[in-house]
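Biologist: I'm new to this structure and would like to learn how to read it. Could you walk me through it, one feature at a time?

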Amino acid sequence: MTIADRLLGALIGAAELCTVEIGRELGLYSALRDSPLTAAELAKTASIDERYAREWLEQQAAAGFLTSADGVSFALPAETASVLLDEGGPDFLGTAGEFAVGLGLLTPRVIEAFRTGEGVPYSEYGRHMRHGIASFNRPMFAHQLTSEWLPAVPEVDARLRAGGARVLDLGCGVGHSSVAIALAYPAVTVRGIDLDPASIEEARRTAAAAGVADRVSFTLGDAAVEGERGYDLVTIFEALHDMGDPVGVLRNCRRLLAEGGSVFIGDERVSDEFTAPAGEIERLQYAFSVLHCLPATRAENPVHAHGTILRAPTVMEWARAAGFDDPSVLDIPNDFWRFYRLR
Ligand SMILES: C[S@@+](CC[C@H](N)C(=O)[O-])C[C@H]1O[C@@H](n2cnc3c(N)ncnc32)[C@H](O)[C@@H]1O
């Protein structure tokens, strides 16, 4: 495929992702879930303008997201419905459009940051990125974290099953990992910490909605300076590469762990060394790095702004620099993340 063909394909994809975000934000896919609709019916059900409804329906069918035999009535196939609407379900990718819009909205700010060298605070990326990240990761937390990842380290799993274990979830975002751990291990208490005020507020709602607010709490703060000790497990999911002092955070983790406790990290599954051209997932991570992770970390007044591409040898180096004698890369399959245990 030529570069021109690739860019054209990417442009089609980017434009279609924006139309997916229109459908998500306005509840158009939800309206189509139960039965096929005409433009007039969709306009009425979703309280939108009919002419826009018709154009969107035709475009969605042309893109292959909806089906229509007559160009008048449009249906949402069951498989597409689960990908676009079942938030928390194993196949959910309904916020891919929200993610893309979030990146695009801040691109002019990032261009300016390239000129000035300044950062773009995580909070400025707003709800599109916050929700985009959270919803992308949520299916993994709901379906793999406590059934595959933590049980892959039997000692950690057993410790969480024993009464009274305490878990600290650093860079917890909107709290789906903290809540998943609390739901799977009924005897644990979990504390989530994040630098982003909007994420912490949303995390409290996540815990309340899941009925675990009595065992899951959230604190606004910096993982590098958190001071409460005695945790059996410290988790960091897709956040170590975002932290402005990653070695300082890991050093702090050592201080916060109870005797015999572990740090469990999930971060990007990228190759061990720079490779160009890179595989698809690494390409995605590199694009996030340029557009989001590097500018957001640079806004933290960092000791070290790493960017998204956190390679396994770097994690090992950071872990040893932080004083962990026995860091290991875990043999847990996952398309997006690699896992580490530090002790
Ligand atoms: C990519 S998000 C991941 C959020 C969540 N763990 C997840 O997997 O959905 C990275 C998170 O790290 C948080 N973060 C960045 N630097 C931090 C720091 N120094 N201390 C605590 N949280 C931090 C950000 O606010 C953001 O919520």
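Modeller: Happy to. Keep in mind that this is a predicted model. Let's begin with a pair of helices: the axes of H7 (residues 126-149) and H9 (residues 176-184) come within 9 Å and cross at roughly 20°.

Biologist: How do I read that angle for H7 and H9?

Modeller: Angles under 35 degrees count as roughly parallel. That makes H7 roughly parallel to H9. As for handedness, the crossing of H7 past H9 is right-handed.

Biologist: What about H3 and H4: at what angle do they pack?

Modeller: Helix H3 (residues 39-46) packs against helix H4 (residues 50-62) at about 115°, and their axes are 8 Å apart. The crossing of H3 and H4 is right-handed. On the H3 side you'll find Ala39, Ala40, Leu42 and Ala43, and on the H4 side Glu50, Ala53, Arg54 and Leu57. Six of the residues in the contact of H3 with H4 are nonpolar, two are charged and none is polar.

Biologist: And where does Ser47 lie?

Modeller: Ser47 sits in the loop between H3 and H4. Look at its backbone: Ser47 has a positive phi of about 55°, although it isn't a glycine.

Biologist: Is Glu238 buried or exposed?

Modeller: Here the cut-off for buried is 20 or more. Glu238 has 22 other C-beta atoms within 10 Å, so it is buried.

Biologist: Let's move to Arg255. Which helix holds it?

Modeller: Arg255 lies in helix H11, which covers residues 246-256. Since Arg255 has 11 C-beta neighbours inside 10 Å, it counts as exposed. You can also read a distance here: C-alpha to C-alpha, Arg255 and Tyr125 are 32 Å apart in space, and in sequence they are 130 residues apart.

Biologist: Now peptide bonds. Which form does the one from Ala276 to Pro277 take, cis or trans?

Modeller: The angle to check is omega. From Ala276 to Pro277 the peptide bond is cis, with omega near 0°. Pro277 belongs to the loop between strand S5 (257-268) and helix H12 (280-298).

Biologist: Stepping back, how many helices and strands does the protein have?

Modeller: The protein has 13 helices and seven strands. Its radius of gyration is 21 Å, close to the 20 Å that the globule rule gives for 343 residues, so the protein is as compact as a globular protein of that length. The C-alpha trace spans about 65 × 45 × 35 Å along its principal axes.

Biologist: What share of the residues counts as buried?

Modeller: Of the 343 residues, 45% do. As for contacts with a separation of 6 or more, 67% of them come from residues 24 or more positions apart.

Methods. Residues are numbered from 1 along each chain as its sequence is written. This is a predicted model: local features need pLDDT of at least 70, side-chain atom pairs count only at pLDDT 80 or more; totals for chains, interfaces and linings use all residues. Axes are lines fitted to C-alpha atoms, for helices over the stretch in contact, and angles run from 0 to 180 degrees between N-to-C directions. Helices (H or I, at least four residues) and strands (E, at least two) are DSSP runs, numbered from the N terminus. Angles under 35 degrees count as roughly parallel, over 145 as roughly antiparallel, 65 to 115 as roughly perpendicular and the rest as oblique. A crossing is left-handed if the near helix is turned anticlockwise from the far one by less than a right angle, and right-handed if clockwise. Two residues are in contact if their C-beta atoms, placed from the backbone, lie within 7 Å. Ala, Val, Leu, Ile, Met, Phe, Trp, Tyr, Cys and Pro count as nonpolar, Asp, Glu, Lys and Arg as charged, and the others, Gly among them, as polar. A residue is buried if 20 or more other C-beta atoms lie within 10 Å of its own, exposed if 12 or fewer, and partly exposed in between; C-beta atoms are placed from the backbone. The radius of gyration is taken over C-alpha atoms; the globule rule is 2.2 Å times the number of residues to the power 0.38.
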